[in-house]
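Open the model in your viewer and keep the selection tool at hand. We will go from the whole chain to single residues.

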Amino acid sequence: MHRRLKTYLVEDNKTIRDNLIATLEDLAQVETVGHASTESDATSWLSNPSTDWDLAVVDIFLLEGSGLGVLEKLQERAPHQHLVILSNYATPSMRERCAQLGANRVFDKSEDIDALIDYCVERTSQLQ
């Protein structure tokens, strides 16, 4: 049995979150290990040394705080722990800001779901 990519979602829209979980678990060998809809819940869980995760998929706009705040607080993480942004607001300047804050990749919700799936599959193969 292949190891699945332990993924944490930071998304405040329940419909998008549920659809993303179903899609990634079905197509990208992802195991969802948790989710949050606020910056403080996300950073608290993701920065806890006892939590086990490989990938965090983070939206920029959250119920409280932002994905940029999550990025800022998680700049120091284990090398295998990747953090990607998935947002409707993936403008060139936002992509640059996310890269400066340590995002491994930035994906646009409306255009890059296939690219996110490919990224997850690639990351999973690197864990084997």
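**The whole chain**

Start with a cartoon view of this predicted model. Colour it by secondary structure: the protein chain has five helices and five strands. The elements run β-α-β-α-β-α-β-α-β-α.

Next, look at the overall size. Along the principal axes, the C-alpha atoms fill a box of roughly 40 × 35 × 25 Å.

The accessible surface comes to about 6,500 Å², and carbon and sulfur atoms own 48% of it. Of the 128 residues, 48% are buried. Among contacts with a separation of 6 or more, 69% join residues 24 or more positions apart.

Then colour by charge. There are 12 positive and 21 negative charges, and their mean positions lie 3 Å apart.

**Stop 1: aspartate 59**

Select Asp59. UniProt, in an unreviewed entry, places "modified residue: 4-aspartylphosphate" at this position. Aspartate 59 sits in the loop between β3 (55–58) and α3 (67–73). Is aspartate 59 buried or exposed? The cut-off for buried is under 20% relative accessible area. Aspartate 59 has 6%, so this residue is buried.

Now show its contacts, leaving out residues up to four places away in sequence. Aspartate 59 touches Val10, Glu11 and Asp12, among others. Further along the chain, its contacts include Gly67, Leu86, Ser87 and Lys109.

**Stop 2: glutamate 39**

Move to helix α2, residues 39–46, and pick glutamate 39. At 12% relative accessibility, glutamate 39 counts as buried. Which residues does glutamate 39 contact, leaving aside neighbours within four places in sequence? They are Leu62, Glu64, Gly65, Ser66, Gly69, Val70 and Lys73.

**Stop 3: leucine 9**

Go to strand β1, residues 5–10, and select leucine 9. Leucine 9 has a relative accessible area of 2%, so this residue is buried. Setting aside neighbours within four places in sequence, its contacts include Arg17, Leu20 and Ile21. Gly34, His35, Ala36 and Val57 are also among the contacts of leucine 9.

Draw a distance line from leucine 9 to leucine 55. The two are 46 residues apart along the chain, and their C-alpha atoms are separated by 8.5 Å.

**Stop 4: glutamine 81**

Find glutamine 81 in the loop between α3 and β4 (82–87). Its relative accessible area is 13%, so glutamine 81 is buried. Beyond residues up to four places away in sequence, glutamine 81 touches Trp53, Asp54 and Asn104.

**Stop 5: glutamine 29**

Finish at glutamine 29, in the loop between α1 (14–27) and β2 (30–36). Check the backbone here. Phi of glutamine 29 is near 55°, a positive value in a residue other than glycine. Is glutamine 29 buried or partly exposed? The relative accessible area is 32%, so glutamine 29 is partly exposed.

Conventions
Residues numbered from 1 in each chain as written. Predicted model: local features only at pLDDT ≥ 70, side-chain atom pairs only at ≥ 80, totals over all residues. Heavy atoms only, no water. Helix = DSSP H or I, 4+ residues; strand = E, 2+ residues; numbered from the N terminus. Buried < 20%, exposed > 50% of the residue type's maximum accessible area, 1.4 Å probe, protein only. Contact = heavy atoms within 4.5 Å. Areas by Shrake-Rupley, 256 points an atom, 1.4 Å probe, with all protein chains shown as cover. Lys, Arg positive; Asp, Glu negative; His and termini not counted. Charge placed at Lys NZ, Arg CZ, Asp CG, Glu CD. UniProt positions renumbered as here; feature names shortened; annotations may be inferred.
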